[in-house]
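Dear colleague,

Please find below the sequence and the structure that I am handing over to you. My findings follow directly after them.

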Amino acid sequence: MSDGTLEAAQAALAAEHAAVYGYGVAGGRVASARRTEATSAHQAHRARRDALVRTVRDLGGEPVAADAAYALPFAVPDSAAAVRLAAVLEDRVAYVYSDLVRAADGELRRSAADALREAAVRAVRWRGSGVPFPGLAERAGTKTGTGTKTEAGAAH
């Protein structure tokens, strides 16, 4: 595997750390009717994060640590904002997994493609609509804020 694969895996890991944090916020504010969905997404991101820690080590890297806190892209005072945050988190995760799909091969590539698909499906569920090319729409000028590490979900 190349250094690009390790870099993309680290970026995906950073995004998963941020998604876990973000779902901690969203899950506390989302309406009770969607709390199970938020809990399921939180657990899925924790599982992906844990798998990526192992992947980074297998690639010879030292896994990037989670930040103590992440600045959210907007205030999350209520359920509607929590739903918007969940959609943004999923968009951001899809974005970095698209990089890992391009950089990896074999089982890691399949796993990254699965993660991208899962994030895209969750984003559609949260937002109520999808994008033509999940993980790539952000590159076409509709970026959802993947700038700094201090933003929830930002990986690079």
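Y70 is buried in this predicted model, because its relative accessible area is 6%, under the 20% limit for that class. Its ring is paired with that of Y21: the centres lie 5.5 Å apart and the planes stand at 55 degrees, so the pair is tilted. Y21 itself counts as partly exposed, at 29% relative accessibility.

A search of the whole structure returned 2 aromatic pairs. Y23 is buried, at a relative accessible area of 2%, and W126 is buried, at 4%.

One further ring deserves mention. The face of F74 has R84 lying over it, at 4.4 Å from the ring centre.

In soluble globular proteins, nonpolar side chains tend to be buried together. The largest nonpolar core here comprises 22 residues, and those with the most contacts inside it are A12, L52, V93, Y97 and L100. Four helices each supply at least two of its residues: α1 (3–29), α2 (35–58), α3 (79–103) and α4 (106–127). Of these, α3 gives the most, with 7 residues. With residues up to four places away in sequence left out, L52 touches A9, A12, L13, E16, Y97 and L100. Another core, of 15 residues, lies apart from the largest one; A26, V30, A82 and A87 are among its members.

Finally, is the arginine R122 buried or exposed? R122, which is found in helix α4, counts as buried, because its relative accessibility of 14% is under 20%. Leaving aside neighbours within four places in sequence, R122 is in contact with A41, A44, H45 and E90.

Yours sincerely

Technical notes
Residues numbered from 1 in each chain as written. Predicted model: local features only at pLDDT ≥ 70, side-chain atom pairs only at ≥ 80, totals over all residues. Heavy atoms only, no water. Core = buried A, V, L, I, M, F, W, Y, C linked by side-chain atoms within 4.5 Å. Buried < 20%, exposed > 50% of the residue type's maximum accessible area, 1.4 Å probe, protein only. Contact = heavy atoms within 4.5 Å. Phe/Tyr/Trp six-rings, centres within 6.5 Å; stacked < 30°, edge-to-face > 60°. Lys NZ or Arg CZ within 6 Å of the ring centre and 35° of its normal.
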